[in-house]
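Subject: Structure for your files

Hello,

Here is the structure I said I would pass on. My notes on it follow below.

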Amino acid sequence: EGTVLNMREVAEEADRMSFDDVFELYRHTPGGAKVLRKLRAELDEVEARIRQKESYVEAREEMETLDRVRVLEEVKRMIREENMNVSLENTEGKEEKKVKEKK
């Protein structure tokens, strides 16, 4: 939470500053170009890690969905199998009853 709030504050402050203010800050910061390059590299790293995390989360969610689908398919198969067994038992029972009636 603290880091997110700080990032928001930085973004809001940057929005409030004019380009001339930013330029003066850059100009009067020792090694300003180096600081800017470092900041850009660190932001690139953060973006890369965010994309990596997003990919991981998406893959995990897809696997969970696939697992649910597999479980549902297995349950459906078991229900169909049980229904076939019940139907077969009913058919066999009717045939036995007909044989007994004929005797």
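The protein has three helices and zero strands, in the order α-α-α along the sequence; helices (H or I, at least four residues) and strands (E, at least two) are DSSP runs, numbered from the N terminus. This is a predicted model, in which local features need pLDDT of at least 70 and side-chain atom pairs count only at pLDDT 80 or more, while totals for chains, interfaces and linings use all residues. Residues are numbered from 1 along each chain as its sequence is written, and side-chain values use heavy atoms, with hydrogens and water left out.

Surface

Of the 103 residues, 1% count as buried (buried is under 20% relative accessible area, exposed over 50%, partly exposed in between; 1.4 Å probe, protein chains only). The accessible surface comes to about 10000 Å², and carbon and sulfur atoms account for 57% of it (Shrake-Rupley method, 1.4 Å probe; for residues, only the protein chains shown count as cover).

Patches

Patches are made of residues with over 30% relative accessible area and no salt bridge, like charges being joined within 9 Å and nonpolar side chains (Val, Leu, Ile, Met, Phe, Trp, Tyr) within 5 Å. Phe 19, Val 22, Phe 23, Tyr 26, Leu 36, Leu 39 and Leu 43 make a nonpolar patch of about 660 Å². Helices α2 (19-28) and α3 each supply at least two of its residues, and the largest share, four residues, comes from α2. Phe 19 lies in α2 and is exposed, with a relative accessible area of 63%.

A patch of negative charge is formed on the surface by Glu 54, Glu 58, Glu 61 and Glu 62 (Lys and Arg count as positive, Asp and Glu as negative; His and the chain ends are not counted; a charge is placed at NZ of Lys, CZ of Arg, CG of Asp or CD of Glu). Glu 62 belongs to helix α3 (residues 32-102) and is exposed at 51% relative accessibility.

Salt bridges

There are eight salt bridges, each a side-chain nitrogen of Lys or Arg within 4 Å of a carboxyl oxygen of Asp or Glu.

- Glu 24 and Arg 27 are paired at 3.3 Å, N to O; both lie in α2, three residues apart.
- Glu 64 and Arg 60 are paired at 3.9 Å, N to O; both lie in α3, four residues apart.
- Arg 77 and Glu 81 have their closest N and O atoms 2.9 Å apart, and about one helical turn of α3 separates them because they are four residues apart. Salt bridges with shared partners join Glu 74, Arg 77 and Glu 81 into one network.

Regards
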